[in-house]
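Here is a short walk through one structure. Keep the sequence and the 3D view side by side as you read.

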Amino acid sequence: MLDFLQNQSQDLKSLAIMGGTFDPVHFGHLSAAQTVQDLLSIDKILFLPSGDPPHKQKSGLTPAETRFHMTQLAIQDNPGFITSRLEIDREGRTYTIDTIHELRKKLPAETKLYFIVGADSFLEMPTWYHAQELLRSCSYIVVNRPGYPLHIDPDTFEGVDYHIVEVPPLDISSTEIRKRVREGRSIKYLLPDQVIEWIYAHHLYEEP
Ligand code: ATP
Ligand code: MG
């Protein structure tokens, strides 16, 4: 894929990062991103699959290259969505704050930078690496997620520029998709067909 950030970002007025492990990417991610893009008129949504995320040291995380490929398949028909190898190519552990710094360097100074997070992730962010700096490094768009009520402690998030955006609730998770494949149940209508085909063709998620 041609690197949009390197070559075509000159006229970008706004960009929203949608970060995640995307193991695999699903309609919960895609639909939330689309709603946010439409409501806030954001030029591009950048899907950023994580490399080696410090807060998700679960055993058996699918290799970054595979998660990146599935993400590419999922967004390829949408010109408003892009992806990048920024995190998967980085040596060592990947920290979101480093990603923000790197993006700021690549993007024009005028580009408004947002970070889209689900309710579950946002409430965990104060425990992330260099959280205070991270939370002040860009604007956050917090989307609702079924099963994760959004009780924001004003003291914890004081000084943080966040906006809550209501998206159509989709009770879908990558964990549930992996579980269904393992149990031989259908994953249709939870994620794009191209990704489903790829999962089956490469026998992903069949083993616990
Ligand atoms: P896993 O079950 O492996 O943790 P996940 O479904 O939570 O996977 P992630 O890659 O962890 O997906 O999430 C990436 C981002 O997308 C996070 O900010 C998360 O809160 C958000 N997100 C994931 N699923 C949904 C959903 N169904 N609705 C809204 N936001 C979501
Ligand atoms: Mg998750």
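Start in strand 3, where Thr83 is the bridge partner of Phe47. This is a predicted model, in which local features need pLDDT of at least 70 and side-chain atom pairs pLDDT 80 or more, while totals for chains, interfaces and linings use all residues. Residues are numbered from 1 along each chain as its sequence is written, chains are lettered from A and ligands numbered from 1 in the order written, and side-chain values use heavy atoms, without hydrogens and water.

Strand 3 (residues 81-83) pairs with strand 2 in the parallel sense over three bridges. Strands pair if DSSP finds at least two bridges between them. Strands are DSSP runs of E, at least two residues, and helices are runs of H or I, at least four; both are numbered from the N terminus.

On to strand 1. Six bridges join strand 1 to strand 2, and the two run parallel. Within this pairing, Met18 has Phe47 as its bridge partner in strand 2. The chain passes from strand 1 through helix 2 to strand 2 in a right-handed β-α-β crossover. Right-handed means that, with the strands pointing away from the viewer, the path from the first strand over the helix to the second runs clockwise.

Now look at the side chains. In a regular strand they alternate between the two faces of the sheet. Lys44, Leu46 and Leu48 point one way from strand 2, and Ile45, Phe47 and Pro49 point the other way. Six of the six residues of strand 2 (residues 44-49) are buried, so the strand is largely enclosed by the rest of the structure. Buried means under 20% relative accessible area, with a 1.4 Å probe and protein chains only.

Technical notes: Buried means under 20% relative accessible area, exposed over 50%, partly exposed in between (1.4 Å probe, protein chains only).
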